[in-house]
Amino acid sequence: MYRSMKRKNEKGFSLLESLIQLLIFSMLIQLTVLFFYWKAPIQSSYQSDFLGEWELFSLELQQLLKEVEYVEGPMNTSVSFKTEKGLVTIQLYNQLIRKVVSGQGHVPLLVDVASCQFTVEGNRLQVSVERLDGIKKERTFAIGLYSE
């Protein structure tokens with residue numbers, strides 16, 4: 001009796017079991033390769049999404065700066081200017097750049113911002129932005145000053 005139990009426990013893998021394990025392993029390897037092949041275009045897509053957001057932010061800001069009565073001295077993280085809509089403030093708030101008109105409400109213009117700096121030189125506004133992922137963008141905008 002002891003001998004028959006010992007033989008049952010010494011049974012190894014059959015050829016069919018080994019083939020099934022090999023099939024499962026090869027499928028997992030293919031899925032892993034497919035994942036890394038898929039990951040690179042997705043990452044570049046996220047970066048191009050930021051470029052689209054940056055361009056929309058730039059268009060919105062340039063539209064706001066089209067006809068400005070005066071510009072208040074910019075602080076590092078905000079700039080204010082008077083338009084026909086009222087006093088418009090563009091500021092960094094938490095991790096977004098937002099627009100506030102006459103101290104009421106806020107409209108998000110750009111999100112996931114780590115730091116932002118506004119500088120005014122004559123009739124030009126320079127905006128430097130760094131995102132949370134380290135991407136840096138900088139652009140100079142023309143300020144359309146007019147007098148009544």
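Which residue of strand 4 stands opposite Q91? In the predicted model examined here, in which local features need pLDDT of at least 70 and side-chain atom pairs count only at pLDDT 80 or more, totals for chains, interfaces and linings use all residues. Residues are numbered from 1 along each chain as its sequence is written, and side-chain values use heavy atoms, with hydrogens and water left out.

The residue opposite Q91 is R98. Strand 3 and strand 4 (residues 96-101) pair in the antiparallel sense over six bridges, where strands are DSSP runs (E, at least two residues) numbered from the N terminus and pairing requires that DSSP finds at least two bridges between two strands. These two strands form a hairpin with two residues between them, and N94 in the turn has a positive phi of about 55°.

On the side of strand 2 (residues 78-83), strand 3 (residues 86-93) is likewise paired in the antiparallel sense over six bridges, and a hairpin of two residues joins strand 2 to strand 3. Within this pairing, V79 stands opposite I90, while K82 has L87 as its bridge partner. Strand 3 is mostly covered, with six of its eight residues buried, that is, under 20% relative accessible area with a 1.4 Å probe and protein chains only.

These pairings belong to an open sheet of five strands in the order 1-2-3-4-5, with antiparallel pairing. Strand 1 (70-75) and strand 5 (104-111) stand at the edges, and because each has a single partner strand, one side of each is left without a neighbour in the sheet. The twist averages 20° from one strand to the next, the axes being lines fitted to C-alpha atoms and the angles running from 0 to 180 degrees between N-to-C directions.

How values were computed: Helix = DSSP H or I, 4+ residues; strand = E, 2+ residues; numbered from the N terminus. Buried < 20%, exposed > 50% of the residue type's maximum accessible area, 1.4 Å probe, protein only.
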